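Good morning, and thank you for coming.

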Amino acid sequence: MEQEQVIGLLAQSQDYLSGEAMSCALGVTRAAVWKEITALRREGWPIKASTRRGYRLDGPPPVLSAAYLSALLPENSIFREKIKVEPQVDSTNTRLKALAAAGAPTGSVLIAEEQTGGRGTQGRAFQSGKGDGLYLSALLRPRVALDDLLTLTGWVAVAVRKGIEQASGAPAQIKWLNDIYLDGRKLVGILTELSLLGESGEPDYAVVGIGINIAQTLETFQAQGLEHIAISLAQAGYPVEQNRLALCVLSELDKLVTQFPTHRLAYLTQYREHCISMGRRVTFEDNGQAVTGTVRGVDKRFSLIIATDGGGERTVSSGTVSLL
């Protein structure tokens, strides 16, 4: 715990912190502070030391750090002090759903360096190699009607897209409903899973899973047969440090929590503005039949309005809609 507290103090400070000030803040000896500083530097933390001024963090952490992220989030953040980082899990969504069922609090966040069983929509696998991406799940318990909760994925897409742009400068866009694209290829997968209360059928919780490609190369995707489908921020020329990306995404999710569902028009406007499906030729499945048409818009429920080639109009609220 002392090491996490030391990280928190260093992350929040804009200048050097003396060993004496840190020991007073933590209620420990200066020797104990020095011991933790030494251990962190051994692990690769870029901590500068000055004999007269103390210690200063001189760059981002060498690994994803829950203590670092919590320290940089606002004090009123729903996620502050509720972040956990694991080196490897099967799936952050699967693990967090189990924790939610056991009573984990709203705002719990699980981040993994690697997933061995990452999941996407429609039961698809999500490639989650160590160090390649940001694999993050957040637990929310919005007290809203089920109809409103079903629009949450659209809101999350807006928040994640904005967080990515703030962290890296990448002009990411949304492909209906919940994929984030960059340069015509998939950058992010979002999986929202809901749980309802058994007796009443009312919403209990939502686990929002976000997988962002950060460091994969063209060769990485070629080995997976995904070179024409997927892209990473580094590959597209927008390298970003994992902690910064996580912080920006969590900050946008924080805003979402305070604005959902009352600020629907603002999120819907941003969704429409950045949705690459708008005006595009698409195909989707309806009652086992392949249907083609042109996207005319996104309605207030974040459903896709499609003018079919047969002359009719369909509103699609779920399933896969492929760009042609």
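Of the 324 residues in this chain, 50% count as buried, where buried means under 20% relative accessible area, exposed means over 50%, and partly exposed lies in between, with a 1.4 Å probe and protein chains only. Please note that this is a predicted model, in which local features need pLDDT of at least 70 and side-chain atom pairs count only at pLDDT 80 or more, while totals for chains, interfaces and linings use all residues. Residues are numbered from 1 along each chain as its sequence is written, and side-chain values use heavy atoms, with hydrogens and water left out.

Let me begin with the overall form. The chain has 10 helices and 14 strands; helices (H or I, at least four residues) and strands (E, at least two) are DSSP runs, numbered from the N terminus. Its C-alpha trace spans about 75 × 50 × 35 Å along the principal axes. How does the radius of gyration agree with that of a compact globule, and what are the two values? For 324 residues a compact globule would have a radius near 20 Å, and the chain has 22 Å, which agrees. That radius is taken over C-alpha atoms, and the globule rule is 2.2 Å times the number of residues to the power 0.38.

The chain exposes about 15400 Å², of which carbon and sulfur atoms supply 48%; these areas come from the Shrake-Rupley method with a 1.4 Å probe, and for residues only the protein chains shown count as cover. As for contacts, meaning heavy atoms within 4.5 Å, residues 24 or more positions apart account for 60% of those with a separation of 6 or more.

I turn now to the interior. In soluble globular proteins, nonpolar side chains tend to be buried together. A nonpolar core here is a set of buried Ala, Val, Leu, Ile, Met, Phe, Trp, Tyr and Cys residues joined through side-chain atoms within 4.5 Å. The largest one holds 66 residues, and those touching the most other members are Val-160, Ile-164, Ile-210, Ile-212, Leu-245 and Tyr-271. Helix 7 gives this core its largest share, nine residues. Apart from it lies another core, of 17 residues, including Leu-26, Val-33, Trp-45 and Ala-67.

Which residues does Tyr-271 contact, once neighbours within four places in sequence are left aside? Among them are Gly-154, Ala-157, Ile-174, Trp-176 and Phe-302.

The next topic is aromatic pairs. Rings of Phe, Tyr and Trp (its six-membered ring) pair if their centres lie within 6.5 Å; planes under 30 degrees apart count as stacked, over 60 as edge-to-face and the rest as tilted. By this rule there are four aromatic pairs. One of them joins Trp-45 and Tyr-68 edge-to-face, at 6.5 Å centre to centre and 65° between the planes. This pair links distant parts of the chain, 23 residues apart: Trp-45 is in the loop between helix 3 (30-42) and strand 1 (47-50), and Tyr-68 is in helix 4 (residues 66-72). Both Trp-45 and Tyr-68 are buried.

Trp-155 and Phe-260 form another edge-to-face pair, with 4.9 Å between centres and 85° between planes. Trp-155 lies in helix 7 (residues 152-168) and Phe-260 in the loop between helix 9 (242-259) and helix 10 (264-274), so the pair ties together parts that are 105 residues apart in sequence. Trp-155 counts as buried because its relative accessible area is 0%, and Phe-260 is buried as well, at 10%. Ring pairs link Trp-155, Phe-260 and Tyr-267 into a cluster.

Let us move to the strands, two of which pair if DSSP finds at least two bridges between them. Strand 6 (residues 173-175) pairs with strand 7 in the antiparallel sense over three bridges, and the two form a hairpin with three residues between them. Within this pairing, Ile-174 stands opposite Ile-180. In strand 7 (residues 179-182), Asp-179 and Tyr-181 point one way and Ile-180 and Leu-182 the other, and all are buried. Strand 7 also runs antiparallel to strand 8 (residues 185-196), joined by four bridges. In their hairpin, which has two residues between the strands, Asp-183 takes a positive phi near 55°.

Finally, is Ser-65 buried or exposed? Ser-65 is buried, because its relative accessibility is 7%. Ser-65 lies in the loop between strand 2 (54-57) and helix 4. Thank you for your attention.
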